[in-house]
Amino acid sequence: MAVNLVNVEAVSKVYGTRALLDGVSLGVSEGDRIGVVGRNGDGKTTLIRMLARLEEADSGRVTHSGGLRLGVLTQHDSLDPKATVRHEVIGVMADHEWAGSAKIRDVLTGLFGGLDLPGFENGLDTVIGPLSGGERRRIALAKLLIEDQDLIVLDEPTNHLDVEGISWLAKHLQERRSALVCVTHDRWFLDQVCTRMWDVQRGTVHEYEGGYSDYVFARAERERIAATEEVKRQNLMRKELAWLRRGAPARTSKPRYRIEAANELIADVPPPRDTSELMKFANARLGKTVFDLEDVTVTAGPKTLLRHLTWQLGPGDRIGLVGVNGAGKTSLLRALADAATSQGEIQPAAGTVTVGKTVRLAYLSQDVTELPGTLRVLEAVQQIRDRVDLGKGREMTAGQLCEQFGFSKEKQWTPVGDLSGGERRRLQLLRLLMDEPNVLFLDEPTNDLDIETLTQLEDLLDGWPGSMVVISHDRFFIERTTDKTLALLGDQTLRMLPRGIDEYLERRRKAAESAAPAPAAAPAQTKPGVSAADARAAKKELQKVERQLDKVSDKEAKLHARIAENATDFELVAKLDAELRELAGEREELEMRWLELAEDA
């Protein structure tokens, strides 16, 4: 019988006039792997903080078993800024000791790309204080995973990790013996790692057996049984279940539901997308030409990212774009956007981009567009238009679309300045869709969105008739919303991946293995005219520039937040905006320097 590690008994927590948790009782036992889901603001983080006894409950109690070894990753680390990475992660272990540990080697390679921590100026001896938030978070995660625990509690562990890092973390956690409680919006990760789910809703926590796929069925079935009206059965979870059962085989290794019940539940649910119907409608809206690229070269400063690219984005094409950092994913979208907005007058460094005459492009970048803080949510949407045509006779008002994106009737009158980062992201996407585009470029659209909002967005995109390119580290979102996967592997080409992201990870593994030095490797070949010493110096400076770029990103994010908080103070906003423009100039100079150094390194 599994030993009980943590007991949560009749716990309640109130903030202001809102009860986040109301009489919740739960338990965590040896071997449990629990995923925690729910809307942003419903209490997921509060729940796991109380479970770890980092926060006190207003009533009830939390008890730990005697001698419990607990490891916690919070959203804000407690690393010593004066310490080095070595001190925080390795401690006092000698080099031969930690280098001889398979676990430590695996963690450092999985999270940082190598034992010498490429990307950190002084490797393990880099001081933590100047590092970016993403780098600090990976250090905190490495410190936790190197230690032995009975229970690991993780709050959004996949943040700041790319597709490869997330895949490594899932495999690592599968092989650990520790019990696990994890808050994340990454549904692929939940399916890979978790065997139980906690769904935090309106002060209560509902428990489900299985990973995310099993949870989707169980919740849909539960709501079907509990519903007193047919309208309550027509919910997004049924469509999500239909996709899981029909479109993505083997998503769960141990289904715990009755096949008959599942088939009954989805009997009248159409496939997520009627591809032929959407393609027909897209052709009507777009014509035959969307984007045609002929022998195109894409550059960023002096660096060539793509060379001799001939490719066509056709009407109704839904493309997932993946690739290594710096390979040119965002640069490719920007080149296409420039050609579209300039009606073909702005062209890439070489080759031609032909843009269809009827193309109406909407481009969601990673930067959240700031709006006047006093503007209400509904007003911000109505600035674009009052109603939107979704195709096939479907039409929605601004208010209805707001509700579909999680803005209730009351929330629609909230000032933009009072919205969270995730809510502003939702509003940004909503405004883009309200402009009735027929081509969508989405660059990391899932940032700051909870699972329920992601499901709503996917449902909306399912019936959206147009061409779409998605860049995302969320492989579940890419698989759910797109039909083809293309990859930039850093070799200046664009490749089709028939087997999707699994094939991408295989190619990356093979590339890493072939790049590994042989036991008696010959001296490294450098760029003609660059000595080995110069190459080493360039690599060191390159790492320094990367850290400076991370700092600029952090400063920009803080300035955006301050502008949102002080939207009515026009004098302060003007001052902050000037600082942002200075940072943009600094970023451009650093990026140019990075590209120069990359050639030499």
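**Group meeting: cysteines and surface of a predicted model**

This structure holds zero disulfides, a disulfide being a pair of cysteine sulfur atoms within 2.5 Å. What we are looking at is a predicted model, where local features need pLDDT of at least 70 and side-chain atom pairs count only at pLDDT 80 or more, while totals for chains, interfaces and linings use all residues. Residues are numbered from 1 along each chain as its sequence is written, and side-chain values use heavy atoms, with hydrogens and water left out.

Back to the cysteines. A disulfide is a covalent bond between the sulfur atoms of two cysteines. For Cys-182, the closest cysteine sulfur is in Cys-194, and at 5.7 Å that is too far for a bond. Cys-182 is buried, at 0% relative accessibility; buried means under 20% relative accessible area, exposed over 50%, and partly exposed in between, with a 1.4 Å probe and protein chains only. Cys-194 also counts as buried, at 5%.

Now the whole chain. Buried residues make up 50% of its 601 residues. The chain has 20 helices and 20 strands; these are DSSP runs, helices being H or I with at least four residues and strands E with at least two, numbered from the N terminus. Of the contacts with a separation of 6 or more, 70% come from residues 24 or more positions apart, where contact means heavy atoms within 4.5 Å.

Last, strand β5. This strand covers residues 70-73 and includes Val-72. Which class does Val-72 fall into, buried, partly exposed or exposed? Val-72 is partly exposed, with a relative accessible area of 31%.
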